[in-house]
Amino acid sequence: MDFAPDEQQRDFAASIDAALGAADVPGAVRAWSAGDTAPGRKVWEQLANLGVTALAVPEKFDGVGADPVDLVVAIERLGRWCVPGPVAESIAVAPILLADDDRCAHLASGELIATVAHPPRNPRAVDADSAGLALLVTDDGVTEAMVGQEHHCVDPSRRVFDVTPTGQPWRADVERAHEFGALATAAQLIGSAEAMLGAAVDYAKQRSQFGRIIGSYQAIKHKLADVHIAVELARPLVYGAALSMEPRDVSAAKAAASEASLLAARAALQTHGAIGFTQEHDLSLWLLRVQALRSAWGTPQWHRRRVLEVLEIL
């Protein structure tokens, strides 16, 4: 089976790359970390203009009602550019939880950015202090949520908060929402891994050690080739999961994307050396983002266990 995007999807991805490549996304991430969300919201406005924020919203609310594969195509590019904000939560999960709610129209237009907590696998809401709407999944359904205590996150651009329910709960397909959250996070991880691999390859062509460009050393070539293979093995799992939306497939995709992104982070940091982890270097933004996303919407260990349980190995 061919999991490669079609021409229309490739063109859509290219339009996202063009828009985000012209924006100062690293600057927006740093500003978001410092509590200034204005530059990041301008990035989200560009995404709304491209229709990204409307992908999962039903057509009756001026959304696209797109296929999950289209969603993966877009969110992978957002991971590639390290877009700040609750990407998976607002673009992929909130439209499912709001379902027939008129607020979906505001999600589609980009006027509303939402965040979601779905305990126990996603117990806290990212960017709840800056999102226009916080949602909490409980045993009774879904409620609006009030922002509580902030907790430390390894990625300062992803501030996480306790939230408590407010108002009356409503019913929603919370399990499907969780699968979309995990899948969207996996797509971000693939995009992040691609970005770090590209940065490592470019740097390996410039950095010299012992009188030679480090990219000429076989050890470096093999290390970066291993990352490329890991990413290219994980990407079809993500697209395959988007086609089936089966829990087993989503978990396999999230686990593989998590491991590929971790391998990419290690290789990129080793290639750059200590400079790669300084705040001034853009690579540090992806290094921290990957560490945060690996545990979002289920840790790699939880997803691997779910795959094994479905296969009746445990």
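In what follows, Ala, Val, Leu, Ile, Met, Phe, Trp, Tyr, Cys and Pro count as nonpolar, Asp, Glu, Lys and Arg as charged, and the others, Gly among them, as polar. The model is predicted, so local features need pLDDT of at least 70 and side-chain atom pairs count only at pLDDT 80 or more, while totals for chains, interfaces and linings use all residues. Residues are numbered from 1 along each chain as its sequence is written, and side-chain values use heavy atoms, without hydrogens and water.

Let's start with the pockets. A pocket is an open set of points, on a 1 Å grid over the protein atoms alone, where a 1.4 Å probe fits, with protein on both sides within 12 Å along at least five of seven lines; its lining residues have an atom within 4 Å of a point. Points are joined across faces, edges and corners, and the volume is the space filled by probe spheres set on them.

The largest pocket has a volume of about 260 Å³. Its lining has 16 residues, and Asn122, Val160, Ala292, Ser295 and Ala296 are the closest to the centre. By class, the lining holds seven nonpolar, five polar and four charged residues. Helix H10 (residues 283-295) gives the most, with three residues; helices here are DSSP runs of H or I with at least four residues, strands are E runs of at least two, and both are numbered from the N terminus.

Now move to the second largest pocket, with a volume of about 210 Å³. Of its 15 lining residues, Arg80, Ala195, Ala199, Asp282 and Trp286 are the closest to its centre. Helix H7 gives the most to this lining, with five residues. The lining comprises 10 nonpolar, two polar and three charged residues.
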